[in-house]
Amino acid sequence: MAQERTLSIIKPDAVAKNVIGEIYTRFEKAGLKIVAARMAQLSREEAEGFYAVHRERPFFKALVDFMVSGPVMIQVLEGENAIAKNRELMGATNPKDAAPGTIRADFAESIDANAVHGSDGPDTAKTEIEYFFGR
Ligand code: RTP
Ligand code: MG
């Protein structure tokens, strides 16, 4: 399996809870390397652009409101099978459905405040990494 890169965001709820380090430890223990990182306060334009695929969905405004509600930690994770591995570590979108021991099961409050983002495939990983880190 080739090395892959994926984009990860620790969302405002998890940053506010002081669990950046605990989440980074999970990435590292799973063999994912943090190869780029920066903290940011997203503007509405940046958050809307990032989640543009969801623009027509009923939860779009709530999603953007939440993503700009405080600082986020954005990172590129690298490793074997990184995209799927990160999604596995994250758990299901709704923390109520997330498997025990996943990041969302342990740190997320609700489907809106769900602690982390992770790219969902090779194409989105590429565009999302470029969106925040350029080429
Ligand atoms: P993410 O993009 O943040 O990693 O989350 P995901 O792939 O697990 O879920 P996705 O379908 O891409 O949705 C993006 C974010 O929108 C919110 N959402 N709310 N109320 C709802 O039905 C609903 N569905 C999605 C979630 O906060 C989700 O993380
Ligand atoms: Mg998604």
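Histidine 117 is buried, at 8% relative accessibility. Buried means under 20% relative accessible area, exposed means over 50%, and partly exposed lies in between (1.4 Å probe, protein chains only).

This is a predicted model: local features need pLDDT of at least 70, side-chain atom pairs count only at pLDDT 80 or more, and totals for chains, interfaces and linings use all residues. Residues are numbered from 1 along each chain as its sequence is written, chains are lettered from A and ligands numbered from 1 in the order in which they are written, and side-chain values use heavy atoms, with hydrogens and water left out.

Histidine 117 sits in strand β4. Strands (E, at least two residues) and helices (H or I, at least four) are DSSP runs, numbered from the N terminus. An unreviewed UniProt entry annotates His117 as "active site". Such annotations may be inferred rather than shown by experiment; their positions follow the numbering used here, and feature names are shortened.

What is histidine 117 in contact with, leaving aside its neighbours within four places in sequence? The contacts include Phe50, Tyr51 and Glu128. Leu7, Ser8, Ile9 and Lys11 are also among them. Contact means heavy atoms within 4.5 Å.

**Helix α7**

The arc is that of the directions from the helix axis to the C-beta atoms.

Glycine 134 follows α7 and has a positive phi, near 70°.

**Helix α2**

In α2, the buried residues are Ile23, Tyr24 and Phe27. They cover an arc of only 100° around the axis, which puts them on the same side of α2. Glu28 and Lys29 are exposed, on the face turned away from the buried side. Just after α2, glycine 31 takes a positive phi of about 90°.

Tyrosine 24 and phenylalanine 27 are three residues apart in α2 (residues 20–29), about one turn of the helix. Why does such spacing matter for direction? An α-helix has 3.6 residues a turn, so residues three or four places apart point the same way.

**Aromatic rings**

The structure holds five aromatic pairs. Rings of Phe, Tyr and Trp (its six-membered ring) pair if their centres lie within 6.5 Å; planes under 30 degrees apart count as stacked, over 60 as edge-to-face and the rest as tilted. Two of the pairs are set out below.

| Pair | Centre to centre | Angle of planes | Kind |
|---|---|---|---|
| Tyr24 and Phe27 | 6.2 Å | 40° | tilted |
| Tyr131 and Phe132 | 5.0 Å | 90° | edge-to-face |

Tyrosine 24 is buried at 16% relative accessible area, and phenylalanine 27 is buried at 0%. Tyrosine 131 is partly exposed, at 37%, whereas phenylalanine 132 is buried at 6%. Ring pairs also link Tyr131 and Phe132 with Phe50 and Tyr51 into a cluster.
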